[in-house]
Amino acid sequence: MAGTELMLDLRAMMPTLFPAVYGLLLLIGVPLLRRDDQRWLWYIAVGGMLVSTLVPISLLYTGTASQGGMEMLRCDPMALWLDVMFALAGLMALLVMPTYLRRVDAYRGEVFPLMFFAVTGMSIMVATENLVLIFIGLEVLSIALYVITGMVREQQRSVEAALKYFLLGAFSTALFVYGIALVYGATARFDLVGIGSAVISGEVFGMPMLLAGLALIIVAFAFKIGAVPFHFWVPDVYQGAPTPVTAFMAAGTKAAAFGVLLRVLHAGFSGSADVSSRWVLTLSVLAVATMLIGNLLALVQDRLKRMLAYSSVAHAGYLMLGLIAPIDVGAANVLFYLLVYTFMTVGAFVVISLFEEDEEDADHLSHFSGLFQRRPLLAIAMGIFMLSLTGIPPLGGFVGKYTIFLAAVRSGHVGLAVVMGVAAVIGAAYYLKVIVAMFFRAPERSVIDNLEVPLPAAVAVALAVAGTVILGVAPSLVLGPLSQVHAGIALLP
Amino acid sequence: MTDAPSAALLLSSLLFAVGAFGVLTRRGAITILMCIEIMLNSANLALISVSRALPGNGGSGLVDGQVMALFVLAIAAAEAAVGLAIVIALFRLKGSTDIDLARLLKW
Amino acid sequence: MDLVIVIGAVAKVAVIVGLLQVSVALLTWVERRGSALIQLRRGPNRVGPFGLLQPMADGIKFFFKEDVLPPFVHKPTFIVAPAVSLFCALMAFAVIPFGGVLEVSGREIPLVIANIDAGVLLLLAASGLGVYGIILAGWASNNKYSQLGGLRASAQMISYELSLGLGVIAVLVLAGTLNLSEIVELQSRSLPFVVYLPLGFVVLLIAGFAETNRLPFDLPEAESELVAGYHTEYSSMKFSMFFMAEYINMITSAALLVTLYLGGYGVPRFIAEPLGLSGNALVVAEVVSFAAKVAFFLWVFVWVRWTLPRFRFDQLMRVGWKALIPLGFANVIWAALLTILKPEWFS
Amino acid sequence: MLPYLILIPLAPLAGFLLVGLLGSWGLLEDKWAHRIAVTFSALSFVFTLAVLTDFTGGLEKYAGGADTSYEVVVGSEHEAARFEVTYWEWLPLGKANLRGWGPEHRLTANLSFGWTFAVDALTLVMLLVVSGIGTLIHVYSIGYMAGERGYYRFFCYLNLFMAMMLTLILGANILVMFVGWEGVGLCSYLLIGFYYDQVFDKESGLTCADAGRKAFITNRIGDFGFLLGALLLIVTFGTLDFSEISAAINGASAFWYGSALLTGIGVLLFVGATGKSAQVPLYVWLPDAMAGPTPVSALIHAATMVTAGVYMLARMSALYWHAPGAMFVVAVVGCLTAVFAATMGMAQYDIKKVLAYSTVSQLGYMFLGAGVGAFVAAVFHLVTHAFFKACLFLGSGSVIARCGHSNDMRLYGGLKKWMPVTYLTFLVATLAITGFPLLSGFMSKDEILARSLFSYRGSFWLWLMGTLGAVMTSFYMFRAVWMTFHGENRSPDHVREQLKESPRVMTGVLVVLAIGAVLVGFLGVPGGVSNLLGLGDINWFEHQLHPVVAARGVVAMASDGGGHGAAAEHAATGNGDEHGAAVEVIREGMEHPALSTEWGLFGVALLVFLVGLAMASWAYGGLGQRAQRLGEILAYPRRVLHRKWFVDEVYQRLVIGPFWALSRLFDGSDRRVVDGAVNLSAAASELSGQVIKLFQTGIVRHYALWLLSGTVMVIWLMTR
Amino acid sequence: MIALGVMATMGAVQLTVFALLALLALGSALVVVLHRNPVVEGLFLVLHLLSIAGFYALLEAYFFAVVQVLIYAGAIMVLIIFVIMLLNLQPEAKGGPGLVPVFFAFVLGLALVLLLTRAGISFAPEPAMGAVASDFGTAAGMGREIFGTYFYPFELVSLALLSAMAGAILLAKRHLED
């Protein structure tokens, strides 16, 4: 390989490679440092995550269009944008991690490298169009997440969440592998380009086989994004996992899974009207169920983590509308929404993570009563996240929701858009519960009186607020560059 | 539809369903893990059997299906390791691996 | 299928299995006499000259002893376990080439039971499966000591199989083939790999001790703690099957070491060339050479057993994970470097 | 000044941030909180005035400039002057091929929405009202909120509200408007819940916080319709810019007139308006919104925010002109609301609830006006209403503050003795709202009623209902006056001992507003009134606003054409000539009735006022009480008890009875049907949530079961 | 029907082996799924895996067959059985999941089989089981693919394994302090 080619190759690999190598270095650091010294690991990890954020940004800035990793990795704008999201989610989660972990007495250095591995897995998933690599990225991500979900071994809920996540996740992995096998059997290819051209030409070794394979792949990712009826793990795992991990997982996994779905569906399976109409129908059915059931279930929760978990299910439903729109209409909107979602949902979880102190009902809504009296800025930040999740302008959530809405209407799915509207009305009710509690209730418990907001947590919250607001007021900063993102995803007419 | 690969493919779907049935009905976490292994294996069997039948280099049989199957194998090993560790952690807390007892998180 | 090949194959299997049995018998004798030598005792010396018939007497004793089947055991497993152990041990040996290609009436008969491409892997697979015999025995006995023995066996096997694998892989990297016969051929063309990979040799040797559950790695049957470990409840032929499996494993281990690192059945050039051996004579010499090398290592096994004390379990684990595996990796990297820097040595 | 339009909302926003941040860090003394807030609010008023002068000075100097971010319409006979400036691009969605239901069928549009602000006559009117009255209420609050918990919080919300409301008004496209739309909603909820822990409704035990939540969710339902309408606009026109939409519609007038699509959009947007402006059936939140502090009720729930719907309708007048069906819906809903709310206003004892229902009812009038095409009159009523309703609310606030924070009118009485300024201003405002001739309410409301009768889109029934509502308005307002200020004081002793007039900072504001309530009406003297007085056309307001909301464009209407030549002539301000003789102008104006009819209307208006006044006086004021006292005096010695009974019974049976029954009926239907429907859907969601929740058993096997059934379903769907 | 087709193309020996392996695989899988005793389940899973390896051999994927035995049966299953014995798991309590879930699971499993079979019978590659490709089933062929096209995924698998290792230590190590 000539020198320049190698450099290009490396450049394209950087977003994937950097967190991987950095994680490895951190992992070496874990046994070398005594437990008391492991806080240094945190500083190193934060620095690394910052760089992980900057790497894709700089690549976006300097222009991309290159391949790497034995031509398996694509370094296209979609991948880079998603990389930014993963690293941002990781960064914000990392910022509150030590505070949280010290409080639950589970400060373990291993979590930092595992976070980096998870970021690596996500980056791999979205940066490739080879099903093999997608599978491996997914597993790198999942395995790391299984572990850090159950990291607080002394808490039953953490371990239980890990167990549920693991069992169901492995189940869905099996489905995914079987799906890949069927698609491979039907097209003799693992790469989406090859699959796509086979789909276009119709030269497949068994159409039902291809479709069944695609169905299983869809199921596997519907599981990851938490679409109904594959959502059952979401609330349990989100509630059980250490909150910073929940934050990271909620934003990162979802973004990664949607990135993959965008690529798989639009690059691989949109060449034939028969095929694409089938998956559009399937995803529409799932989207309707997801939006409605997610919101209805969130409505009846009085634990914040659980409520946000169901809300994330609902948001997955909204995002699916962007997924089934034509790629040039939907892709940019999905990515934008994901970015906003990263900010607001991670922000919200970060705020929640400041609250947890006991195992039983740490995140109960009543803890938030009267937060405004005690911690006005924190309450306002949380209020902004909630309003953004509701879709109130001029916050990012509004822009995201509106563009998705628009995409649905533009692609002719008016019925789905109406369902989305109805669902959003239901959604308003429970997000408001939080605001009502924070602003309109007297402080009930002593939790908020001795609430600590250490500087890193404040930085994380500020970052999330800034992102949410800026993306609402000037989304063109992102939407502009994103408007051409679809060109890199779908290689087919 | 008249050869060993196809027959193995069909057998794999049967095994896949058997494994799924196990996941749906059993309570022991490790048993479920084993049922998932059956499912993964059947997926691997499907991969190998289709790759055997696909046109390859100078005859039928395409190698990259096997490569994928190998990766699946490695990943299955990793998953098993993590899964067992989680089960052990749960066992330490509850003294049992019965997943029906692990229902602190619900509703 | 060619009748000659079939007959050849059957003959090979029969001879090998028979030879292995004999060698096991012999080994027990060596072991007892050797230990006596080391401990300044006499050892068995009543049955036959130098007690040479003692193993036969033992065999007869095992054969005719009452087969006790304790009431609390899990019967099917209890019965199957020793068979699994022995079967796997025998199977592992199948891929070891113990000589060159014999020519009988114009037909070539390679002196290996199964000359397959993935020979090394099959060996590893078979030895990996061997652990089931021990685990099953431990569990089926339904007895704490046995169970602990089984547990230890499995943990130990898993741990040391890695370093075993690393020791093997380094050779594969140099040789570029998985076929053991080819590896031997390659060594006879260049030098025995122990010259290039001394570290790998050591790793494989130590891992070999561990894989065969012999001292200082005999934790699964540590009599001072676990009575007799996994085979506490076994008696008569079932016990002897374990016994045989262990010794066969020992032989396989030694054979593997010899094959991979010491030129296998190859007759050292400085011996072969002056003698001008060729054809079937050379093959015979090769078999002898192989037997001699293996015998030497078998003696090393005995020697070590009666010299070193037993590890503690945590020490055992630490040696496995923190010493052998890193060394194994270093060795593999070294092998890779060699192939890159001096590829002409191994072509 | 015009290019710096954005300063108008930014000023209070800065105030909000300043007060909010400093306050939350505990660095702000109370007096500095209100000083900052009032300053920034006043600043935006000053900016508004500057913009006003700049605007009236002519836009020529900006036209044709190099700066592409401006868009200037200098203004002509046919086109309203307008100044538009884009600050930055907000949502660039790129080129889009839209299906386009328009005349071109396919539409390639560059979908891009900017932070664009625009000024025209309508905007200016609204700006003046909002920043002017807003500032006054800021001042008033200094007195009213003195010593309250969360003082700085109140002012910071108030400033935020101002910023948002001004954004709403200034926004040149629906999205920017929607920002303000939601923003004011948010502030409204925050302020409704200001006394979050107080129970405001003893019957249901709901707290103020619940009231805020109810308001929020009810509004979300409306917003959903609004957003859908906006979406349809995008898909249809490829833009959300008000002026561009209007131009597109007017440009293909014949195509669009009466199209189902426009009707749909109009109705959907109106759904949004019903939420924000508290129309049937989404008005349920407004009475509950009285849980907030009284200045909030005055500013947000009377003078400004709730009128956003009316403003929006006026903004989209081009669309509504072309969608007669939608206009009809607007008119009917407005009319129904006007009557419905008025009946409920009659039965309330809570003074703020009376005013709240009154507000709903008055908003109904505005929509009635808009619905019959009297956009100018509707906006005019909006302006006058802002003055007198603010005055009324603030007056009631003054009373409430002095009467131990009790809203119950049964605990008032005879307050005029203690609070003369409050009394007088309240009375003036009452006279204004009830339509005392020549006061502002008379001018605007009677213009609406007249239009509803004579406009081409009006009808006798609308007018009749409206008039009926006016009677009730008169009744419940005077009832409130009598119960509060006349008769004997019924307050608890400790309250009575401390009764006194409110501080000057409050009464001063009341006086200013009362003067406004008297004078502002003369800006827009209706044609009928000026005719009667022989003054000619002196309707300044109409002249200013008409170009903005006038009907433009022509349409072929063979089916119901003919007969309205005069109207066609009157309204021929559009580009009608191009379409030749076979077309008819959208009928905008009303036929000017004969002078005798005008007199008749005048008489009816006066009669309405008097009937209400008489009934209220009879029941609660002088007459009723006098009768009662008479009875008491005469009863025992003279045994003329039956006479007293007779009086009471006549009153009960003939006057109060039916009204009360009606009121109760509506009140009941409010609680049970409308409110009930809202609550029911909430309960249904809650219930279904609770039921679905049961599937989440916490047992992994069950999850796997669902997962697999989902899988089977998906495979089936895919391979079907 | 299918069986007839299989018979038509496979040789008698092959067919017999296939049938035996299929019976073995299915039977052992059923034991795993139905038996109560975890250790027995584990052992039958080993048997199952071995029979699957037999299929691989039948399909001429010899290298993979050996790998299957080596990794799956030799390593993964040892680990699983080790943990079963470490935790000294007792047979699952009687009572089971109840008839209704079993019924649903059965129906779902059946539906899955039917759907996947429908997909599977459509599989019709051009040369049905022709002469085997030269690189199929050999270590060399796989090596070329792994270290050629699939080099990057191969490297990343190690990352998955590594994080699994770190995770297992984090979750299961007895004392975390030392």
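Q: How many residues of chain E and of chain B are in contact in this predicted model?
A: On the side of chain E there are 85 residues, and they touch 76 residues of chain B. The two chains bury about 7000 Å² between them, with 77% coming from carbon and sulfur atoms.

Q: How many salt bridges are there between chain E and chain B?
A: The count is 2 salt bridges.

Q: What makes B:Arg52 and E:Glu60 a salt bridge?
A: The rule asks for a side-chain nitrogen of Lys or Arg within 4 Å of a carboxyl oxygen of Asp or Glu. Between B:Arg52 and E:Glu60, the closest N and O atoms are 2.9 Å apart. That distance is within the cut-off, so the pair is called a salt bridge.

Q: What is found between chain B and chain A?
A: Here 47 residues of chain B are in contact with 44 residues of chain A. The buried area is about 3700 Å², and 80% of it is on carbon and sulfur atoms.

Q: Why is A:Arg108 with A:Glu154 called a salt bridge?
A: The closest N and O atoms of A:Arg108 and A:Glu154 are 2.9 Å apart. The cut-off is 4 Å, so the pair qualifies.

Q: Which parts of chain A does the pair of A:Arg108 and A:Glu154 tie together?
A: A:Arg108 lies in the loop between helix H3 (77–103) and helix H4 (111–126) of chain A. A:Glu154 lies in the loop between helix H5 (131–149) and helix H6 (156–187) of chain A. The pair therefore ties together parts that are 46 residues apart in sequence.

Q: Why are H4(C) and H3(E) called roughly antiparallel?
A: Helix H4 (residues 119–140) of chain C packs against helix H3 (residues 38–58) of chain E at an angle of about 160 degrees, with axes 12 Å apart. Angles over 145 degrees count as roughly antiparallel. The two helices are therefore roughly antiparallel to each other. Their crossing is left-handed.

Q: Which residues make the contact of H4(C) and H3(E)?
A: H4(C) brings C:Leu129, C:Tyr132, C:Leu136 and C:Trp139. H3(E) brings E:Val39, E:Val40, E:Leu43, E:Val46 and E:Leu50. By class, this contact has 9 nonpolar, no polar and no charged residues.

Q: Which residues of H5(D) and H9(D) meet?
A: D:Trp181, D:Val184, D:Gly185 and D:Tyr189 of H5(D) meet D:Gly272, D:Ala273 and D:Lys276 of H9(D). The classes are 4 nonpolar, 2 polar and 1 charged.

Q: How do H6(A) and H9(A) cross?
A: The axes of H6(A) and helix H9 (residues 233–240) of chain A come within 8 Å and cross at roughly 145 degrees. The crossing is left-handed. Among the contact residues are A:Arg157 and A:Lys164 of H6(A), and A:Trp233 and A:Asp236 of H9(A). This contact has 5 nonpolar, 3 polar and 3 charged residues.

Key
Residues numbered from 1 in each chain as written. Chains lettered and ligands numbered in written order. Predicted model: local features only at pLDDT ≥ 70, side-chain atom pairs only at ≥ 80, totals over all residues. Heavy atoms only, no water. Axes fitted to C-alpha atoms, helices over the stretch in contact; angles between N-to-C directions. Helix = DSSP H or I, 4+ residues; strand = E, 2+ residues; numbered from the N terminus. Parallel < 35°, antiparallel > 145°, perpendicular 65-115°, else oblique. Left-handed = near helix turned anticlockwise from the far one by under 90°. Contact = heavy atoms within 4.5 Å. Nonpolar A, V, L, I, M, F, W, Y, C, P; charged D, E, K, R; others polar. Buried area = accessible area lost by both parts, 1.4 Å probe.
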